[in-house]
Amino acid sequence: MARPDRESLKPYTALLWLLRVAVALQGVGVAIQYLFHEFEQESDIFSVLVFEWRWREKWAMAVDDAGSWCYLAASMIVLFIPLAVRLLGYDLRGTRPRLVFQTLPLIYIAIWQFLLILAAWHRESGFLPSWAPLGATPHLTIPLVFFSQSARVGLPIALILLTSAVEPPRAKRVEAGMWVLRGTAAATFIGHGVEALYLHPQFVDYLLAAANNQLGWDASESTMSFILRLIGSIDILLAVLILVARWRAVAAYMACWAFITACSRVVHSDWQALYEVCIRSANYCVPLAVCLCWHMCRRAKSDQQNSNSEDRGARDEP
Amino acid sequence: MSHNRPAVSHRSPVWGPNLLRLTIAIAWTCAALGMGWVTDARGQLIWKDATQLSNPPGVNSASGEGGPVISPAGDLWFHFGVNANETVLMKSTPDGSGGWNKRTKELTLDRGVHNRDPFFSPDGTTFYFASTDRNFTGGNFGGYDIFAAPVTDGVLGAPVNLGPVTNGAGDESGPHYDGKKLTFDRDGDIYESTGSGTSWTAPSNTPFVNVNTGGFEDSPSISQDGQVMYFGRDNKMFRSELSDGVWGTGVNLQPSITGRFLSNDQGDPFFLGEGLGQTLYFHQFKNPNSWEISSATATAERAPVGTQPFHWRLIWTGDPAREAILSWDTREAGERHVALVRSADGGQQRTVDAHSGPYQTSGGTLHFHHARLRDLAPDTQYHATMESDGDKSQEFWFRTAPSEDRKLGLIFGGDSRSDQSARQQVNHMIAELVEKNPSILAFAHGGDYIASGHSLEQWSRWLDDHQLTVTAKGRLLPIIPARGNHDKGPLFDEVFAFPDGDANYYAVSLGPRVRLVTLNTNASAAGDQRDWLAAELAASRPRYRWLLAQYHRPAFPAVKSPGGSKQHWVPLFEEHNVDLVCEADGHVVKRTVPIRNDQHDPSGVVYIGEGGLGVPQRQPKKGRWYLDPPGMAAYGHHVQVIRLSADELVCEVIALDGKTMDTYRRPPRK
C-alpha cells in the first residue's frame, strides 16, 4: 500500500476540530450533570460504590466528583491546548506534546466514560433496563447501555487514532478511526432503536411533550407508541446502512436526528436540561464527522479525477 | 492458650444492640411467646451474607480485631491487638443506619497489657473480660485470668479477679455469664462455674464432655434459652445443643454460613438466638497475622418442602373494605390451593380457590397462589388459613377497611432492596407499631423491594422478610405495592397478584373519606397514566377528605434529579389539592414544605418519604429550597406513620431505634 502524503490527509484535520469540540461539549455536560446542576446528582459509579460495594458515602462521592472534575479538565485540555497552540503559532506535532495534551486526556475520558457505562450496566443487573416491558425476559435482551452510549466512548478513541494519523501521515489509523466512528454511531442507533421498539417510557413522554408543546397536537399514548416503533425501526435500518454503505445522506440524517432527539430533552424539561444536549454531543457529532469525512473524500476524489483529466488533456494537445 | 492462632484474636460472649435492640426485644418476646414458627416452619436456618463490619475508622483496622460482643446499650465491644505486648478493649456505637461509628478505646482498662474477650452480664451491671494484668484487685494467678468490673451508668469500675477457684495457673478467657452460671474456656477446654462476685464453685467440664474433644475449644456463646451453644474449635465455629444437661459434640457451622467475604477460618462467635433476622458476630481470618470482625444475618435458606404454605402476604389493590388478596407460595405445584376464611364474629368458614402458577425464572421450583377474597364485610376481623393439598399454614387474621368515617393509620416506606439486616429490623418494627396501634390498616410500599427485579432468589428473601411484619398475635398487615425502578420484569406482578401486563397504577379507598392513589414511575408519566390520574383526582377530590398519592421516583428529590412526575403529575396534584404525596428512591428521610407552582405556598402539596426500609442510607443534599425549614431532610432507616382523622393528618417519621424523627400535622382542606 502506498504511503499517503501529507496533503492527502490534510482534510482530516478539520474532523479533528469537530471531534475536539464534541469531546469538550461532552465534558461540559458531564460536569454540569454531576457537579454544577441545581439537581446535581451522583453517577452510577457512586451508586455501585455505595450500594453494591458498601463504600462510605463521602469516599464514594469524592471519587465520583474527582472523576467528573478530571473529565471536565481533560475535555478542556483536548480542545483548548491545540487551539491555543495554533493561535500562538507553536507546534504541537511532536510525539510528547501530543501524548500529554491529547492522547492521555482522551484515554482518561474513554476509560471514565466506559466505567460510567459499566456501572450503569451493573446497576441494571446486566440485562433489562428498568423500563423494560412487562413480560420481557433477560435472555431475549441485550445490555443496551453498551450500545446506546457507545459513541461517548468511541468519540475519544477515534480522536486518539485520527490525531496520531495526521502527523506523520498514517492511512491505516485514519481508516481505523473512521471505523470506530461508524461502528459506534451504528451501535448508538441500534441501542436507541431497540429502546424505542421497547417503548421506553421517557421516549413516549418526550414525543408527547414535543407533539403537545411544539405542534399543539394532543396525541394519545397509543399513537405515540406506534410512532416510536416506527422511529425505532428506522434507527436500526440507519445503523445497518452506515456500516454497509458510504452514503453521506445517511450519516447526515443520523446527525440531524440525534441532535433533534437530544434537544427533545429541553423541549420536555425546559432549559435546565440543556446539559443533556451537551452530554449527547457524541451522538450527533460522530455521524456528522463521518458525513464530513465522506464528503471530503468524495471532493478530493473528484478533484483528483479533474486533475487527471486535465493532465490527459494537456498530454493530448499537439 | 494461643494454640495455632495469632496472639491477637479470640473469644466472645453475649448481649443486645442499640439499633438491634428492638429486634432483640421482639425476638426474645417471640421466643417467650413460643413463636417457634420463625424457625420451625421455615426450614433450616442459614447465617447469610457474612460481611466485615465497617473498616477504618469504624470497627476493623489493618491490624487484628476479635471477641465481638453487643452490650445491653447496643454498643459493639471487641478487642484490638495493638502489638505483641498489648491488646486493648474497644467500643463502637451504632451509626443509625446499620453501621458502626468510629471506634474508641476503653481507657479504664488501658494499661499496656493484654485485655480481651469483653462480656456483659444480662442485667448490664457487670463487665467481664480476660486479662494478663497483675495489678487489678486480686492480682493474677497466671496467664489470662477472668476479671469482673461493675458498670455504673455505662462507666466501668475497678476490675476484680474472680478468684483462685475460677482462675488457675493456665489461661482462662472467653467468659459468658447468664446470671447464674459462668461458662468460659481454660487452656482449650470449656468449663462452667456457678456463683457471683468472687464466690464461685469449682469449674466443671462435665457438661462439656462431648464438646472438649482434644481440639482447642474456646469462646462459648449460649442462647437466651440456654439450649444452644456456639463455640470455637481449632479456628472453626461449632454449634452444640443441650440434651439432658450435657452439650452435644457440636456441628461445624461453616456450611451454614454464606457470604461474599467469608474466609475459611472463624472464631469468637457471639449470638443472641437463632431466629430470623438475628445477627451472628464473629471474627475471621484476614491475613497471616490479622483477624477482623464480621457479622452474618440469620435467614431461612430452605423454605418448607412440598406444598407447605409460606411467603404469606395480604394484598390490597381493589376495594379494601370488601376485597383482599391472600397470597402464599409453595415449593411444589400441588393441585388444590385454597384459603379458609371466617369472620371473627363467628361467621361461617368460606373456602376460596386460589389462582396458582409457577414463578417465571423459577424453573418450576416455586409456585405462587393468590386467593381473591370478595364480598367481605367492612371493618371486620377475619381469620385466614392457607391450605395447599392438605398442608395448612398457621391461622392468621386481618381486618378489612372501614365503611364508616373513623380514625385510621397507614405505614409508608420504600426501598428495601439491599440491606437485608436493616430490612428485617424495619419489618420487626412495623410489626411492633401495628401491635401497638391497631388502627394502622395497611403498609404502602413505594417500590424497590429488591435490587434486581428478575431475581427470584431476591424476591424470595424479601418475601421471607416480609413475614416479619406479621404481629406476634398473627395479624397480617395488607400491603399496597408500588413498582420501583429496580422491580423490573414480570415477578413483581406475580408476587403481588397483578394481571399479566398490568400498568401497575390504581387507587384504593382506605375508608369512606381516605383515598390513596398508587402510580408507576416506570411507565410513561405523560400518557395514559396522566389521563387516568387526572380523571381519578377529579372524581376523588369532592368525595374524600384525605387524598394521598404514592410512587417511586420523586418529583422533589432530596438527593437525585426529578422524575417525569414533576412535569406531568405535580400540576394535577396542585390542581386537585392532593393532601400528601409519598415518594421513595433517594435513600434519605425527607418532608418538603408545601409546594405550589414550584414555590413554598401554605396551600400547596407536601411530599414525604424517599425510602429507608432496608437500603444503605445517604446524606441529603444541601441547597434544595423545598427541604429547608419548615421542611426537613435527614439520614437513617425509617418508616412513615400517617394517621388520618376528621380533624387532622399527622405524619410521623419513626427511626429504627423507635424514636420519632419528625412530626407533621395539617388540617383537612376546606
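Into which domains is chain B divided?

**View 1. The domains of chain B.** Chain B splits into domain 1 (21-300), domain 2 (303-400) and domain 3 (402-666); the bounds come from an automatic or database domain assignment. Taken over C-alpha atoms, the centres of domain 1 of chain B and domain 3 of chain B are separated by 40 Å. Keep in mind that this is a predicted model: local features need pLDDT of at least 70, side-chain atom pairs count only at pLDDT 80 or more, and totals for chains, interfaces and linings use all residues. Residues are numbered from 1 along each chain as its sequence is written, while chains are lettered from A and ligands numbered from 1 in the order in which they are written.

**View 2. Where chain B touches chain A.** Chain B brings 28 residues to the contact and chain A brings 25 residues (two residues are in contact if their C-beta atoms, placed from the backbone, lie within 7 Å). On the chain B side you'll find 8 nonpolar, 14 polar and 6 charged residues. Here Ala, Val, Leu, Ile, Met, Phe, Trp, Tyr, Cys and Pro count as nonpolar, Asp, Glu, Lys and Arg as charged, and the others, Gly among them, as polar.

**View 3. Two helices of chain A.** The axes of helix 8 (residues 171-197) and helix 10 (residues 221-244) of chain A come within 8 Å and cross at roughly 160 degrees. Axes are lines fitted to C-alpha atoms, for helices over the stretch in contact, with angles from 0 to 180 degrees between N-to-C directions; helices (H or I, at least four residues) and strands (E, at least two) are DSSP runs, numbered from the N terminus. That angle makes helix 8 of chain A roughly antiparallel to helix 10 of chain A (over 145 degrees counts as roughly antiparallel). Among the residues in this contact are F189(A) and I190(A) of helix 8 of chain A, and L228(A) and I231(A) of helix 10 of chain A. By class, the contact has 14 nonpolar, 3 polar and 3 charged residues.

**View 4. An open sheet in chain B, order 2-3-4-5.** The 4 strands pair in the antiparallel sense (strands pair if DSSP finds at least two bridges between them). Strand 2 (64-70) and strand 5 (104-105) of chain B stand at the edges with a single partner strand each, so one side of each has no neighbour in the sheet. Strand 3 (residues 76-83) and strand 4 (residues 86-92) of chain B are joined by 7 bridges; N83(B) has E86(B) as its bridge partner.

Note on methods: Parallel < 35°, antiparallel > 145°, perpendicular 65-115°, else oblique.
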